[in-house]
Amino acid sequence: MRTWSALALVLALVARATGDAAADTPARRAEAFFQSSSSSPAGGSNHTSNWAVLVDASRYWFNYRHIANTLSLYRTVKRLGIPDSNIILMLADDVSCSPRNSFPASVFGNANHLANLYGDNIEVDYRGYEVTPENLLRVLTDRHAPGTPRSKRLLTDAGSNLFLYITGHGGDEFMKFQDQTEIMSKDIADALEQMREKRRYNEVLFIAETCQAATLAARFYSPGVLAIGSSEKGENSYSHHLDRSIGLSVIDRFTYWTLEFMESVTPHAGATLAQWFSQLTNHRLHSTAKPRLELFPRGAHDARVTDFLGHVSKAAPMAGGGYEGLSSSRGGRVRTESADAGDDAATRGGDGRGDGTGGGAAAAAAGKSGGEGARLKVGDEDAGRVPKAVDGGWATPGARARGEGVAFAAVSCAALVGAAAWVSAKAY
Amino acid sequence: MRPRDAIVAGLRRVIRHHVAASTALYLLGVLAAALYPALARRTFVDENAFLVAQTTVGFDRRDARDASEHYRAAIDAARTSPGDVHRSDALRGWLEDELDALGMERYRQAFALDRHSWTRGDDDWGRRSDASSIDNATHGVNVHAVARAARGNGREGIVLATPIGAPGATLEADAAALALGLVVMRTIASAPWLAKDVAWLVADARWGPGDHGIAATDAWLREYHDPGSSTHHSAGHLTQHRRHRAQLSPSPLALFGRVGALQQAYVLELPEGAVADVASINVVGFNGALPNQDLLNVPVQLAKLAGFPRAGIFADSSRFSGTGGGDGDGGVKGGDLFDAVGAVVGGAPFAADLRRVAGFALALARGTPAGSHASFKSYAVDAVTVRMSGSRGVPTGGAHRRDGVSGEDAFLRLGTFAESAVRCSNNLLETLHHSMFYYVMVDDDRFLSIAEYVAPQGLMLASSLVTAIALAVIGTSTGGVASVFVAEKTRGKNGGKNGGKATPAATAPAHDWSSALALALLAHVAGWCVLLVATRTASTAAQLAAAYAGALATAAAALATWSNNVDGDEGSFDGDEGDGRVGARREPPWATLKVVALSVQVASLGALTFFNFALAVAVTAPLAPLQLWAHGGVGGAIKPWLRAALTLVAAPVLLVATSCAALGTDARACSLGDAAAAHVAWGERVHVLPLAWCVAWPGLVLAACVHLGGVRGWRRGASTREEEAPGGPEGKKRR
């Protein structure tokens, strides 16, 4: 009798010890990290994925700069970590293939020609006459014809932050498409409201670069939308400079100065929207870029640029360090470029169109940076806190479940053994 | 009072006082024309796709040096050619060799000329034209080269044209044009931005009216749009050329290279050779047809960017003057009238503006083009002629100018301009549809659009219309006028009570429309006969004889028609219908004829306004007052027959003399025979002579007939019911 009782006591102690050990696994710590991250003191975003819809609404050779604007921001959001799978790129014309282009298969946004915006790695989702107000609204509301490829759909959810950029020729509360049709501010406003009702976004950053651009957001009424235009009502929006070898203006002022600012933004930088907008002065733009903040309670000072133009990943390649052997759980194997150059090249690449659609932060992070041999550091980007290192792999809900299962089994076994001992003692 | 009632009442008041209203409207129209410069707006390039001044130019000093070498080589080739080869043929041969050396597509087109193009007779140069051709007097040879856009779709093309061999052109001028075109085409053909094919037309300017190769360009365009047709257009008496048509163009489709739908054309003329100080833009086509204004403003900007000190439509002061002599303002030569207006309104600058407006309008009204761009416009291809000359702006005919830019420097400017123009058109994605096609230039950078310049014409036509309506509705009788308005007023008041019945005292005018229409038709048919005589004989005397014969016939017919009704009781009532309605009062036949004449004038000149505004105004301005003044009254200081004679004889002479004095034109040069010859020479495509004989002259004849209405009354001893002054007695009484 005593023997059985002692055995049961030992097993119970072992079971408890096992349960404690499971609770203290990296999964536990990761869960704790997420909880801390989502409740950041600075009012940070609690989004779980980032998406971008980049629209060039105008066609024809002389609107080269609008294509360059869009491609510039396309390159920027990719550099900051949004994968092609999460970018809907709409180009109304293909100036790179225009016979008027002195540099075939190239698009430049600067007369110095240092960067070919067209490059080797570009995925245009809607091109030419596919770029219409109807298709833009279909993308936003996810009302597509049957058989529409997944790459043409905006698969956001309630945790998605959306960056919506549109450039072209517009006017008071409208934007021209293809020089033929128009989309109205009210159309976009209603589409955003549909998205809200369908829980298709967490927050939206809307940018319009056109004449009287601010009026394009005048009818917005859905919460969580921050809008800014390159010009106020009654103002024109201007191009920045000519490229005489191409023979036209290659970029607009708003985008040019935005890119100037973005040069200093890394995927893990803490730059805020307010800092960005402060760079867009009247002196630089020759127009007034004033954000509309009343629908965005968090405020531009508390919203980081990377909340919209970057990636939600908390992981970044780190030069050196001993965190190796991580593997993705859901995103598949994704090639990650060298991080030798530092943060700037942190998450560039991302040529895999991984799942990344509903898995939230963990899945997306794994998809982007879980490549073999990558050296990762897990960082809490808030307020520049020291990144937390997690060894043994990135915790996921699955890992957490596995740890709890082990503890439960141990406790169950101990209980069974104890019960058997008690029955035996009674029997004897 | 409702707005509608107010408007109706106002219109009735205008009709009632139609004499004063017509006079005021006409004077207002004249005043508005005098204030044209005050309404002018700044020019601008409306089509953004031109992308003017946003590129680096590929034509550089090395190309200019090459052009200079080609220039010398072309001159040598022409001078060393055999004596029986025409100079321009030698240049063409040299050009074809050079094009072959460049590996560029080239095509040769031998074309038979239309009869109207063949007005200079035999070769003015005194030598045989083309050794391989069949007859040097009746055909020309065009050469064109094509630069293909490697990445273009070949659906659209641009044309550069350089006419050579014009009677006034020197060898140096032709050689410079060919050297420039050759190097520009070489540069363009290798340009990475080329999206449209470019054709370079070297037109044979030896034939046809004018010195700009218009006949040759016509032939090239005919062949371009209708293969094989350029040889079909030979005149009936040129049967020999028809027999040799196959030899001229054995396989047009195979030998004539095309560049798709032609979008724009730039004609470059270098009358002084390699000299580049003034770029004079010419846009006036047949009958005042103009290209889209963007195609005027773009070359002006490009020329200035290329370094031309002066560029614009008035840059060459010899143009837009009546006789070709410049006055320094680019406008017409006559000064007194414009200076007088300027002294009242805006001083010397205003007078200069007005002079330029008049000069430009005169060029439009003439309807004869001064460049082969007019041929392209006939095919709905926007085109301009750019004439590069020395700083004085007057072609000297010499080889080189010592002042200003010449030689290699000039080629650099010329090449820069030509390449820039082609690249601008290359950037276009659509045909020109912005900007405007109806405009009058006030200066190189100011213009009047149709919205501004149509007002005077509208006011002058409105003055005629008011009188026509007044005569048709209320007639000439005082009683009739008063009673009609009394009746209408009464109807208005009692409309709801007695069913709209008028008072029995009211009368309405009754017109004999058929007689008046027959007379008007006769006058216009007679005018058309005069035009036939003009085109057949090209004689001043024959035209005058035919014109006055037709006028006499019309007048005789009018008198005969009216004398048949001499017992008719004009002014009498046709009878009361017995139900209290208005009785008809028969109007004098001259009043009806005046209504018809004014209506025809308003309709024809109103329509012409939209085809050739300047010509329409030029006809309306003198014709309207003459027709308004016409009346059949028997009183006054001037007898009716004398008024008729003044209308038909003195008025045209006075009008021509006044116009010539105002515009600085030599009146002795205004020969009807020359006008008829020019009309034939231009292929009867110019509207001045038809308008003069078929619209203006019949208008005068009808006005004279209206005056003759008083002759009958005078013989009868004066009818008391006829009016005694223009506008009728009611006008005087009401005034």
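Hi everyone, let's start with the overall make-up: chain B has 24 helices and 13 strands. Helices here are DSSP runs of H or I with at least four residues, strands are runs of E with at least two, and both are numbered from the N terminus. A word on the source: this is a predicted model, where local features need pLDDT of at least 70, side-chain atom pairs count only at pLDDT 80 or more, and totals for chains, interfaces and linings use all residues. Residues are numbered from 1 along each chain as its sequence is written, while chains are lettered from A and ligands numbered from 1 in the order in which they are written.

Staying with chain B for a moment, 55% of its 735 residues are buried. Buried means that 20 or more other C-beta atoms lie within 10 Å of the residue's own; 12 or fewer makes it exposed, anything in between is partly exposed, and C-beta atoms are placed from the backbone. Among the contacts in chain B with a separation of 6 or more, 81% come from residues 24 or more positions apart. A contact is a pair of residues whose C-beta atoms, placed from the backbone, lie within 7 Å.

Now to the strands of chain A.

What pairs with it? Strand β1 of chain A, residues 49-56, runs parallel to β4(A) over 8 bridges, and A:S49 sits opposite A:S160. Strand β8 of chain A, residues 203-209, is also parallel to β4(A), joined by 7 bridges, with A:F163 opposite A:L205. Strands count as paired if DSSP finds at least two bridges between them.

Further along chain A, strand β11 (residues 248-252) has 5 of its 5 residues buried. Strand β10 of chain A, residues 239-243, joins β11(A) through 4 bridges in the antiparallel sense, and A:S239 has A:D252 as its bridge partner. This hairpin has 4 residues between the strands, and A:G247 takes a positive phi near 100°.

Over in chain B, an open sheet of 3 strands has the order β1-β11-β10, with antiparallel pairing. Strands β1 (41-42) and β10 (439-443) stand at the edges with a single partner strand each, so one side of each has no neighbour in the sheet. Strand β10(B) is joined to β11(B), residues 446-449, by 4 bridges, and B:V440 stands opposite B:L448.

Next, a helix pair. The axes of helix α3 of chain B (residues 61-79) and helix α5 of chain B (residues 171-189) come within 8 Å and cross at roughly 135°. Axes are lines fitted to C-alpha atoms, for helices over the stretch in contact, with angles from 0 to 180 degrees between N-to-C directions.

Last, the two chains together: 15 residues of chain B are in contact with 11 residues of chain A.
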